[in-house]
Amino acid sequence: MKSPCLASKGNSAAEKSRPTILIIDEDPDITRCLELVLANYDVNVIRDYCGRFGIWDVSQHKPDLVITDIRMPNGDGQELLEEVKSDPQLAQTPVIIFTGQRDPGLAGQLKRLGAASILYKPVHYQLLLQEIERFIPLEELDWAHAKPRSNG
């Protein structure tokens, strides 16, 4: 059985020229679903399954956008948000919180910490795409002319 904190990385030069989105959620089905939604757009997706690896990848890859769950093992989304916003090189990185928690005080707390947006699970993919487009352009791929992506 694989560790729940193993990450899926993309490192090719072509992937670095496209906007990069880091998705962090302990549920691999959720990260895979988000990756499949984004597969129609010219973006690079990195998936992580726990907060500590998310913190590492945000500092290493400097993504254009982070989408993170709030409650996860081994470092939660709030910790990640605090780390990103306290680092001068990363502070401008938008962080979308993607959560199932409905605590009314939590949303205000996360906004004060610098969350760009808070979406509640389950979310319709069109709403997710609209939120992403507030921060990075989503250029639809022309599948008739698209080149296969390398799995690095």
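Two strands pair if DSSP finds at least two bridges between them. Helices (H or I, at least four residues) and strands (E, at least two) are DSSP runs, numbered from the N terminus.

This is a predicted model, in which local features need pLDDT of at least 70, side-chain atom pairs count only at pLDDT 80 or more, and totals for chains, interfaces and linings use all residues. Residues are numbered from 1 along each chain as its sequence is written, and side-chain values use heavy atoms, with hydrogens and water left out.

Begin with the whole chain. The chain holds six helices and five strands, and its elements, followed from the N terminus, run α-β-α-β-α-β-α-β-α-β-α. Of its 152 residues, 43% are buried (under 20% relative accessible area, with a 1.4 Å probe and protein chains only).

Next, select strand 3, residues 65-68. Leu 65 and Ile 67 point one way from this strand, while Val 66 and Thr 68 point the other way. All of these residues are buried.

Then select strand 4, residues 95-99. Three bridges pair strand 4 with strand 3 in the parallel sense. Here Thr 68 has Ile 97 of strand 4 as its bridge partner. Between strand 3 and strand 4, the chain passes through helix 4 (residues 77-86) in a right-handed β-α-β crossover: with the strands pointing away from the viewer, the path from the first strand over the helix to the second runs clockwise.

Terms used
Buried means under 20% relative accessible area, exposed over 50%, partly exposed in between (1.4 Å probe, protein chains only).
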